[in-house]
Amino acid sequence: MELVTLTYENLDREHICCAISNNRDIQVMSKKNWLKDRLDEGLVFMVNGLDF
């Protein structure tokens, strides 16, 4: 299993939710916006690097 650390550069293309695969879904967009704010605060968020 490959783990990917989310960054500003790859956050938009990485899959972050096992239940929702559509990046245009409001829940996914909201979560990614929240994560971007947390990255500024030093959050390290890792996801499974498998393609879905």
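Predicted model: local features only at pLDDT ≥ 70, side-chain atom pairs only at ≥ 80, totals over all residues.
View 1. Residues are numbered from 1 along each chain as its sequence is written, and side-chain values use heavy atoms, with hydrogens and water left out. The protein has one helix and two strands, arranged along the sequence as β-α-β (DSSP runs numbered from the N terminus: helices are H or I with at least four residues, strands E with at least two). Of its 52 residues, 29% count as buried (under 20% relative accessible area; exposed means over 50%, and partly exposed lies in between, with a 1.4 Å probe and protein chains only).

**View 2. Helix α1 from end to end.** Helix α1 covers residues 26-40, and its 15 residues should span 21 Å at 1.5 Å a residue; the end C-alpha atoms are 22 Å apart, which agrees (the expected span is 1.5 Å times one less than the number of residues). Its buried residues are Val28, Lys32, Leu35, Arg38 and Leu39. They cover an arc of only 120 degrees around the axis, so they sit on the same side of α1 (the arc is that of the directions from the helix axis to the C-beta atoms). Look to the other side of α1 for Ile26 and Asp40, which are exposed.

**View 3. The two ends of α1.** Just after α1, Gly42 takes a positive phi of about 100 degrees.

**View 4. Asn10 in its loop.** Asn10 belongs to the loop between β1 (3-5) and α1, and is buried with a relative accessible area of 7%. Its side chain reaches the backbone oxygen of Thr5 at 3.1 Å. A polar atom of the Asn10 side chain also lies 2.6 Å from the backbone nitrogen of Thr7.

**View 5. Leu6 and the nonpolar core.** Val4, Leu6, Leu11, Ile16, Leu35 and Val47 are the six residues of the largest nonpolar core (buried Ala, Val, Leu, Ile, Met, Phe, Trp, Tyr and Cys residues joined through side-chain atoms within 4.5 Å). Not counting residues up to four places away in sequence, Leu6 touches Leu11, Glu14, Ile16, Leu35, Leu39, Phe45 and Val47 (contact means heavy atoms within 4.5 Å).

How values were computed:
Polar contact = N/O pair within 3.5 Å; in protein donor to acceptor, adjacent residues only side chain to side chain.
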